[in-house]
Amino acid sequence: MKTKLFSLLIFVIFLGCDKDKNTEPSFQDNTFIAQRANETWKGTTEIGLTANDTLIFLAVGDGLDNGVMVAKIKFDGIGPYTLNHREGIYYNTLGGDVLISQYAIEDGSNGLFSITTYDQESRFIEGRFEIPLRATKLNNPEIKDSLLIISDGLFKGFIRKDILE
């Protein structure tokens, strides 16, 4: 009898610990998370669309001086987009207004920006990004390597309703 009661108790505990199978990454709308130089980098996003269908993605790291990434693509819905040397940049500031480093995709190299979900009616969008960057400006003596890799990027949010100029 004790064995059956014990088995029933374990079964009830097991059922109570059932995990939500639809668990998404732990970030909210209009946010991103990525690996920047092998460290977790996260923050907020601003996503806009121009009149000529250029999607402009702005990722601002949490905290005043935690980096800003900008990517732009000729938007045509769900799918992968290749970023070239004119379509992806990253920069760091000091105090939010003094540029201390700037990076761009090196000529001959490519980044990847992929749209995995897009709802035209609600303007909800989510996707992934990976961007290899090379320094174009370094005003920080603590930075020794001019290569910066942003990888495993995930984002989700809403495209602004107003058209960007």
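Predicted model: local features only at pLDDT ≥ 70, side-chain atom pairs only at ≥ 80, totals over all residues.

Residues are numbered from 1 along each chain as its sequence is written, and side-chain values use heavy atoms, with hydrogens and water left out.

Helices, of type H or I with at least four residues, and strands, of type E with at least two, are DSSP runs numbered from the N terminus. Of the 165 residues, 34% count as buried, where buried means under 20% relative accessible area, exposed means over 50%, and partly exposed is in between, with a 1.4 Å probe and protein chains only. The accessible surface comes to about 10,600 Å², of which 54% belongs to carbon and sulfur atoms; these areas come from the Shrake-Rupley method with a 1.4 Å probe, and for residues only the protein chains shown count as cover. If we take the contacts with a separation of 6 or more, residues 24 or more positions apart account for 55% of them, a contact being heavy atoms within 4.5 Å.

Let me turn to strand pairing, where two strands pair if DSSP finds at least two bridges between them. Which strands pair with S1 in the antiparallel sense? S1 pairs in that sense with S10 over five bridges, and with S2 over six bridges.

Now to the interior. In soluble globular proteins, nonpolar side chains tend to be buried together. In this model the largest nonpolar core has 27 residues, and those with the most contacts inside it are Leu55, Phe57, Met69, Phe113, Phe129 and Phe155. S1, S2, S3, S4, S5, S8, S9 and S10 each supply at least two residues of this core. By a nonpolar core I mean a set of buried Ala, Val, Leu, Ile, Met, Phe, Trp, Tyr and Cys residues joined through side-chain atoms within 4.5 Å. Leaving aside neighbours within four places in sequence, Phe113 is in contact with several residues, including Leu55, Phe57, Phe129 and Phe155.

Ser114 lies in strand S8 and counts as buried at 14% relative accessibility; not counting residues up to four places away in sequence, Ser114 touches Gly79, Pro80, Glu126, Gly127, Arg128 and Phe155. Ser101 lies in strand S7 and is buried, with a relative accessible area of 0%. Between Ser101 and Leu138 there are 37 residues of separation in sequence, yet their C-alpha atoms are 4.5 Å apart in space.

I will finish with the charged side chains. How many salt bridges does a search of the whole structure find? The search finds three, a salt bridge being a side-chain nitrogen of Lys or Arg within 4 Å of a carboxyl oxygen of Asp or Glu. In one of them Arg160 meets Glu46, with the closest N and O atoms 3.2 Å apart. Arg160 lies in strand S10 and Glu46 in strand S2, so this pair ties together parts that are 114 residues apart in sequence. Arg160 also forms a salt bridge with Asp162, at 2.5 Å between the closest N and O atoms, and salt bridges that share partners join Glu46, Arg160 and Asp162 into one network. Another salt bridge joins Glu106 and Arg134, at 3.6 Å from N to O. Glu106 lies in the loop between strands S7 and S8 and Arg134 in strand S9, so here the parts tied together are 28 residues apart in sequence. Glu106 is partly exposed at 39%, and Arg134 is partly exposed at 29%.
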